[in-house]
Each structure stands twice: as C-alpha cells, then as structure tokens.
Amino acid sequence: MRAPTTNQCYFCATSHSEVCPAHIPVQVANARNIVYYIGMIASLENIRFSFDDKTFILDGVTARVHGSSRIGLVGANGAGKTTLLNIICGDLEHDDGVLAIAKSKSIGVLRQDSGLSGQGSIISEMRGVFEHLHEMEREMRRLETEIAGTPPDDPHYDETQQRYAELQVDFETREGYHTEVKIATVLTGMGFGGVAGDTSVEVLSGGERTRLALCKLLLQTPDLLILDEPTNHLDFKTLLWLEDYLAGYKGALLIVSHDRYFLDRLCTTIWELHQGELLAYSGNYSAYLLQKDERETFLRQQYEAGQREIAEMKDFVARNIVRASTTNRAKSRQKALERLEENLEKPKKPPKPPVIRFQKSRDPVNDVLTIENLSLSVGEGDGEKQLISGLNLEVKRGEKLALIGANGVGKTSFFRALMGELPHGGEIKWGRGCDLCYFHQGEDGFEEHKTALDELWDAYPREYEHTVRTALGRVGLSGESAFGLVCTLSGGERARLKFAKLMLSHGNVLLLDEPTNHLDLGSKESVDKALTEYDGTLLVVSHDRYLLDKFPDKILEMHPDGVKVYPGRYEQYIARKRAEAQDAPPPDKRPDKKTEPGGNYRSKKQRSEQATHRRILTELEGKIGALETEIAQLEQEIASPELASDYQLLQEKCELLEVRRTELDDCLEQWSELDA
C-alpha cells in the first residue's frame, strides 16, 4: 500500500510528501509505512538528554503519541519523567534525536502543584477560554441589529444575512451555546460548585488554584493533555468525576501519577522510564506489572542461557584448540564465542523494592476492640468542633478495616483517641493480649541527630545488630544509608524507616495512618503485599484507592454525622455509593442495622428531599434544552430571507430572542447552584 501524497509534511509546514525526510525515523523510512503517522500527535526518535554530557537522563528514547493514546508514565523518582514531559512540551531542548509535533495539534500541560495565577475571578478565568466564541456571539448580535435596521432592498442586506448565517453555523458547530453549561459542569465536578463565581483567584489556596488550573485546561480541550500528578488535592468524589470525565476525553492523555487506581482506570499504555531507557507496555497499570515481571524473567533466563552457551563454547575451545584435527573448528567456535560475548548484554538491574513483612508474636482474644457511645471533639470554647458522636463499633480478631473520609473530618483524631492520646467521651475497650502498633501520618518521633541504625536499635535495644541491620536492609536502608543521619533522609526513606520499626514490633494490631504517602510505586506494591498477607488485625486510614481494593474486609466512611460501614473492598464500596446516589438498593442485600455497628441510614424525609431535588434538576435540564432549541430556531428564522420583508415581525423575533437568552442564563445559574 502506497502512502497518499500531500503538499505539506504532516509534522511541519514545509512542502514534502506526507512526512518530510527530517521527520522519518529509520524504521519507517519505507513509503508504505508512512501511513502509520496519520493521526499522530508527537513522535520521539532516539531522544537523548544529559545534564553533564556524561550521565544521560534520557538515553535513546523512542515513542509515539497518537490521537487516541491513553498513556501512563511511571518510573522511580529522578528517572526523568518531568524531563521527558518538558521536552515534549518544548520547554527543554534535547541533546540529540528528533522530536516532531504534528502541525495544528495543541498540547496542554498541568504541572505538579502549579496553580492558576491572576487577578481575575473564577468565572472570568473560565470564560476567557471561550473568548473567541464570545467575540463571534457579539458579532452575531451586531449583525442581528444591522439586519433588523436595514431595508430588504438595500444592496448590502443579502450580504449581511449571508455573513450572519455563516457565523451562526460556525458558532453552533463549536457548541457556542453550551459554554456556560460546560463551565458549570467542570467547576461543579472539580469541587467549585459551592464557590461564588466572582471569587478572586488570589484568595484561593494553592491546592484550589491547582484544581482551577485543571478546570481551565479541561475546558480548553487540547489535542494532547499532559497531567503531572493530577490527583493531588482531590477528594474521592472529585476523583471519581475526573476519572469519568477523562474516560470520555476526545484527545490524547499522557499522565504521570502515583495513583495506581487512576492509572488502572484511564490508561491503555504504560511507559516506564528506567536508567534512561523507555519501555512501553500494552494495557493498564495492573497489566504492566504482570508484563514487566514476565519480561524481566525472560531477559534473565535468556542471559543465563547465553552464559551457559558461552561456558560450553569456552570448554570446547580449551579442549580442541591444541589438537591438530580439531583446531580449525575450535578457532571458528572461538570467533563465534567472541561475537556472542560482545552481543550478550546483561539485563539492567531493576530497582529493588523494599521487602516488608509484618509478623505477630501472639494472638489476642477474639473481641479485639469494643467502642460504645464514643464522642470526640477538638478545640476549646467557641472553637470547639465535634468530630464523632455516639459511635458504636466492634472489631474482631483478624479483621481488616479501612477508614476513609474527607480531609478534616477527624480520621487521625479518631486513631489518636484509640491510642489514648486524646480525651473522649464514651468507652474504648481493647481486648486482652492486644499489642498495638501505630504508624503516624507525618510525625515519626525520630531524633534527627541519630543515624538510621541507632534510631532503630535504640527502639529495640535487645535485638542483635544483625537483626536490626537486616530490617533496615529489607526496606532499602543498607550500606551508607544505615549510617546516614535521620535529618538527611527523604520523606520516602523516613516512611521506610517507620516500616522497619513496625516489622520489629511484632504487633498483632496495626493502626496505620496513610501508610503509602511519600512512597514510590515499587514501595507501595510492597506495602500492598504486606497488608494482604498479614494475619493480624488492621485499621488503616488511606486515600490510596488501589490499596483499598486489596486488603480490607470493611470500609468505614467517616463524615460529620457519624460513621457508616460498607462490607467489602473499594469496588464494592463504589458500587454501593452509586446505587445510593440513584436511590436504588445496593447490588447485594443491605446489611441489617442491628448487625452493622455504626451504620446510619437516610430517613423518609431525607429520601423525599433528595427525590425532590433530583426532580427539580431534571425539570431544569429539560427547560434548558427546550430554551436552547427555541433560541437556535429563532436565530434561523431571523436569518431566513422569508422574514426579511416583514420588518415588524423581524423586530419582534429579535426581542423574543433576547428574552429567551435571559431565561436561559437564569436557568443555567439555578442548575449550577442545585448541582453543587
């Protein structure tokens, strides 16, 4: 099949065939393969980049981004992920290789923790995305006034009507009448539904500015959307909305994220950066883990087979090189041996993840934890805030519970109350034989001037040095790292030191508060495996949805009105939440109130109010659709030649059009408030 010819290169504006010579990589130089480029947004061919001309961050990276690509970019910290993104965006010049971006293709980037800046309001920033459509609409209004005031026999009348008709078609094609709905939908989905549109961007927090920057980017709909850690600062509700929105995104996605569940839901290709090399795996994150393991096993076996063949050839040469009858065969085999040794490349050693394993020294009684009528408050006086009231909960031996909820709802305070660190009302009773171990979020109680070895050994002074150093080595703190001061450790290294302490504790009840924070993907996988295999009792606070779908027997959702229990893991929890949102029974039998401690259910009044709320929203959406249809019809009538001769009717239609537009604006505002 021959590639179709055009006057311009697909990647640049120069006059060539479909792809100009500068943009044809070696493996597709044949004309019949150039059709591979149709629909491509970016091509990277043998890209190299280094900071000191010696150590290459990117060493021969070759990759393609198509219009339908859904790519997750993973790799250890410092592997070069941000460098690669900056090169694709044009913010960083590469040392060698060819980078080609298709002409007329747009790229939008959300950088990690880089929020929207400016002095405008939220709504003005969002409307600025559609300024070209607003300009078209203003021109249409001007033409409507000009048409209404121009006699039909005027020589410019037909020309003005034609111009208006063309603008109207273009405006409708670009969905100009839906801009406010798009803005309201994105702002509401990203958690700004309850924030006034005239709120200044300057008064927003850093996290809110980052979310707002993502809102603006989603409204711009670039052909390639690059997102660097987009799930930071997002709660579960916003995350679910963003995932659903991106799942239907028409352009290409390139995502860097430590949220493995996010990568699983959205990505169909995983790019892994390791030691300057980029490897592409087909499928989502879970598929990537399996393929990566298979690939590493295959390369190791291939290398070992090559080593065995080399040993056999060396033995043959040694035995036959001095014998006259076989010396020629031996010399021939020696040349083959040299070629084999030259071409046999030892597989690059993958980064070694920590080895985490929790073991308990004894079993407690069956009733591990009993909570009766627990109340918990923080603050004093006018600043006092009640977090929990009247909570009843039972935890049995071996149960694994995950506690979730919005930031600030009191999850960490609840754990601290369980550990006796905060005063509370009601009763918290731990069973006999419970050995509690607490993984604090953020704080670790380390003495900064100590070495990692001393910090761990001082916590367990009766352990042998070999045992302590083995625990450190398992979490990746061996050699010089073991003798480094605690104050020099990174966030991930400090977290791994805390895990080393937990492993030596041999506790039978673990309370873990956000255990996967600050960990890279490999370390997170190790924590997943450790919690899944642990046969003690677990209570874990986490926002890591991938982890929440691995280990818990129950999920406890904490909110200001109490704690609600959902049997199963994260997928079952989401299914039940969606069923509740649709006012339908969950997929399996609803647990009985009496047998599900801490459960709370909506009253008839609450269900009635929610049904009324949904009905009003549905009616508003129907009215919005009807108004948009009527407005479009009125605009067509105004532009039609049949109405040109009736000046009075034309003026009435124009006035009615303005009335309907005002009604549409009011409906959109009501819809935005109700959907918040």
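How do H9 and H10 run relative to each other, roughly parallel or roughly antiparallel? I opened the predicted model with that in mind; local features need pLDDT of at least 70, side-chain atom pairs count only at pLDDT 80 or more, and totals for chains, interfaces and linings use all residues. Numbering starts from 1 along each chain as its sequence is written, and side-chain values use heavy atoms, with hydrogens and water left out.

**Entry 1: the helix pair.** I looked up H9 (residues 285-320) and H10 (residues 327-343), and they pack at about 150° with axes 9 Å apart. Helices here are DSSP runs (H or I, at least four residues), numbered from the N terminus. Axes are fitted to C-alpha atoms over the stretch in contact, and angles run from 0 to 180 degrees between N-to-C directions. The two are therefore roughly antiparallel, the word for angles over 145 degrees.

I then listed contacts (heavy atoms within 4.5 Å). On the H9 side I found Ile-310, Met-313 and Phe-316, among others, and H10 brings residues including Ala-330, Leu-337 and Leu-340. The contact residues divide into eight nonpolar, four polar and five charged; Ala, Val, Leu, Ile, Met, Phe, Trp, Tyr, Cys and Pro count as nonpolar, Asp, Glu, Lys and Arg as charged, the others as polar.

**Entry 2: a pocket.** Next I checked the lining of the second largest pocket, and by class I got 17 nonpolar, twelve polar and 14 charged residues. H15 gives the largest share of that lining, nine residues. A pocket is an open set of points on a 1 Å grid over the protein atoms alone, where a 1.4 Å probe fits, with protein on both sides within 12 Å along at least five of seven lines; lining residues have an atom within 4 Å of a point.

Methods
Angles under 35 degrees count as roughly parallel, over 145 as roughly antiparallel, 65 to 115 as roughly perpendicular and the rest as oblique.
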